[in-house]
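Me: Got a model to go through. Can you walk me through it, starting with the core?
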Amino acid sequence: MDTPVVKATNLVKIYQTGGLPVPAVRGIDLTVRAGEFVAIMGPSGSGKSTFIHMLGGLETRTSGEIWLDGKRADTLSESGWAVLRRQKVGFVFQFFNLVANMTVADNVELPALLGGVSPRQARERREYLLGELGLTERAAAAPAQLSGGEQQRVALARALANHPRLLLADEPTGNLDSRNTRDVLKLLGQVHRQGQTIVLVTHDARVASMADRVVSLLDGQIVDDGAIPRTRRRPSGTAGDVVELHG
Amino acid sequence: MITAGGRWVRADLRARRGQALLSVLAVAGIVTALITAATLLEDGTNPWRGLFERSHGAHVWIHTKDAPDVPALKALNGVTDLAGPYRSAPATLVDHGRRVPIALQETPAAFPAVARPLLREGRWLDPRRPDGVVVERSFARALGLRPGSPFTVTGLNGATHALVVSGLAESGDQGFYPEWTPGLAWTLSQTLSLVEPAPGRTETVTGLRLADPGYTDLVVQRAVMALRNQVQRVATWREVRASMELDNRLLGLLLALFGVAGLVAAALALANATGGRVLTQLRDIATLKSLGFTRGQVTRMLVAEHGTLGLLGIALGLLAGRLITAYALSDAVVVPLSPGPLVAIAAGTALVVLVAVWLPSWRGGRTPPIPAAPAAPPRGHLSRLARVALLVRLPPALVLGARDAFTRRTPALLTVTGVAIPMMMITIGLGCWATLDDFIRHPEKVGQAAALAVRPGDLTAEEARARAMADPDVVAAYPGAELDALVPWQTRTVRTRALGVSADPYPFPVAEGRMFADRGEAVAGQGLLDLLGVHIGDRVRMTIGGTPLIVRIVGRVVEPEQDGEVLSFGIDSLAAKDAMPPQFYSLVLRPGADPAEVRARLQARSLEVDQAVNPADRLAVIRVIIVALVVVLALIGLANLLTASALGLRDHVLDLAVLKAMGLTPRQVMATLVTGTGLPAMVGVLLGASAGAFLSRGLIDLEGRGSGVGAGIGRAPTPGMFAATVLIAIGAALLVVLIPARRAARAQVPVTAR
């Protein structure tokens, strides 16, 4: 049995707000295997974003353990996390977060360059990714010139630039209309079928239905964790068509 | 990793070219000012240094009756080379009816290795044309001589010789005419023998070039010992240098003050620009960190970006400083700044720049890596003051803007300081300007009550005085003499000026103490008090031409001459041999009389008349510098304003939709934005200008004190000038803020985060 890509053990996050402890995540245990597509669902304030940020090291945990690709990560320093992220984790955010001053091409090449590959290799990878996502002709555009859906696709390309072991997506469709949502989900599905491990946070049941497995959070705890039976999924149907009420 | 950061830096710079250029220019301007200041302070503009170096001058000139013992001089410890010995003869130049004493000095037809005159115009001496002479340039200028002009000289035997000026040359071995008399002309040996055939009436001059100019006094002593009683007179490089000295000290000090304060302002502007840029880019920086940039990488990247702008500015400033000292001050034969101060300035500014950008960069590096977290300004309640303002129906846009202005404390403070410091320096600059104007308007306040001085020349002193007083515009004539006095324990001389008699003293501008009123009392410039370490009330003892002089200093005068190292007293305090007859009469003119006209009239009565040079005219270059500095400082202020404006817009871009929803018109929205950024700027302008006006007098006096002129010259800017500056600054500030605010108020504002 291969090592899990993510393993969180009794993960706790308590914010100190005005001296008062506010628990956001209260002891989550979660294991994600290679190639798995996990959706984390829950209402606002259930701690799902905090949880996924902790998995990527964007926030520090209060207690508990995080193992990424068989290595313990929760004890890493901020810089250690940064290096780990650039090698193994790709992030997609709700508001795309493309670097405004840089062109689409530069945005996508940035993580590869940061990872230490040559500018030529970075360019080739960028050309490949933008080609796959149908954005080749927008390479020289500024992010502000792109539609929301296009921006999110660029963000996805950027997240995939370094062949990450783990793709973390925080409400990737939260800011998109239904057509763009469909496009982005289709792409996520494609990436997943190529073997990409994905952990996605959403409060949208339709989005969650794309996943192999849906984890439901409430008040910082897992209330339900179940695989979506394969039989109930259309093998190659578009994501937007699937309406799955779960949990 | 370097390429990743590099991409980001390049993209960011491309997005804010104007601001980046401003940062570069501001730093460049300050470095230029510092270099120019250091050059002036280092005496680089004293033409002596350049002339002496290029002419490979002799440090000591020994005048003897006959040719001295050359091997003995050469054998002296510390002497590296000899110039001469050359014969020198006194003669009189007859020029347009005037008779001007000159010294003819023999020189070889081939340029000598030491004390080589620097030919500036025309040709050098040629043995085939023995009637040619080469005239010292300042002397030639004063007399209007050019190559080809006739040069008619009369020797001591009365015989007149028609010679011709073949060229003009400069030399570091003799001061400029008329400070240094008699005027000098170089001739061939045969020409000299023609003019002065009697060997007994010539003297011999020999130049000694020293290994270390610091041992001049020692070498002079040894030379005098070696030559026994032959030595008639010794002149050293120090006297030559002093005679060529400009008022560079005051100028350099002023520039240095501006440079240092400007450096603080520029550092602040850079820190402000970096900090503002970091604040506006928090989301991008957070994104970078989420991509895997470490804290250190972000900090390094930001330091590299903003620091490079600063370093570029320094490089540009070094270049500009070189060019300015080479071209703008070319009249003064500038020697470029020596490497020590140059390196110090470059390294010092680089350090300041790096520290200034490092702090905000470090803060930027500590940005948490969650790009979703919006960086909103701290929200506050409407203050009680704001509520009252709204109650009394002040325009809501103003109240809201005023409230916004100070919600972010640190940027507001930075904006206020960033505008106030340049504004303060600009006001002080205007104070300098007003001080110069005051010099010109009231020359009597800087010791130039007398615009003209007549020298008796061929006339008797009484006759000269009578002729001068006959002019309707001449109100008073004070008898005067200027003599060098030897100061005890000092190996140098100071200028003493006897002017007027104790009972009827010349109107010296007394700044402290009182005017001399009796024999044995004197007033001194600040420079002299500092040199001797004495105070008002102390007695000083000097030797003038071998006669001891003991005076009590009863007051301090504003003294623009000789770096303030001048002692002034009544002519009756001098020994009779020095006082009678007076060397010159200082003429006080009727108010409103034109000195040039009076001078022309007196000259027509064959009097030798010198016109006093107002210190403001000698310091005219200060005005150019003030204008240049005002431009640089304005640039710095502008850079700060742009930062503040960008930051204000960023903070409020989300509020705009709310404001519009609340029912504010675009114009009111714009007014809110303009007030929000403009208010701290206005506060800065007013604070800075008031501080400048308050400080300028004291600071200029401090500079005056440091330069030896003495306190008491400083003036605050005139009210009109002050008001105009404040209004222009506020107007410019509002305009800078208005343009982006107008655009923002009209733009469609997204309701969500971008």
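Reply: A nonpolar core here is a set of buried Ala, Val, Leu, Ile, Met, Phe, Trp, Tyr and Cys residues joined through C-beta atoms within 7 Å. Buried means 20 or more other C-beta atoms within 10 Å of the residue's own; exposed is 12 or fewer, partly exposed is in between, and C-beta atoms are placed from the backbone. This is a predicted model: local features need pLDDT of at least 70, side-chain atom pairs need 80 or more, and totals for chains, interfaces and linings use all residues. Residues count from 1 along each chain as written, with chains lettered from A and ligands numbered from 1 in written order.

Me: Which residues touch the most other members of the largest nonpolar core?
Reply: Ile40(A), Val199(A), Ala26(B), Ala266(B), Val454(B) and Leu587(B), in a core of 230 residues. Apart from that core lies another of 34 residues, including Phe52(B) and Tyr177(B).

Me: What is Val454(B) in contact with?
Reply: Beyond four places in sequence, its contacts (C-beta atoms within 7 Å, placed from the backbone) include Phe584(B), Leu587(B) and Leu602(B).

Me: New topic. Where is Lys65(B)?
Reply: In the loop between strand 1 (60-64) and helix 4 (70-74) of chain B.

Me: Why does Lys65(B) count as partly exposed?
Reply: Because 13 other C-beta atoms lie within 10 Å. Lys65(B) touches Glu203(B), Gln230(B) and Gln232(B), leaving out residues up to four places away in sequence.

Me: And chain A, how many helices and strands?
Reply: Seven helices and ten strands. Of its 247 residues, 49% count as buried.

Conventions:
Helices (H or I, at least four residues) and strands (E, at least two) are DSSP runs, numbered from the N terminus. Two residues are in contact if their C-beta atoms, placed from the backbone, lie within 7 Å.
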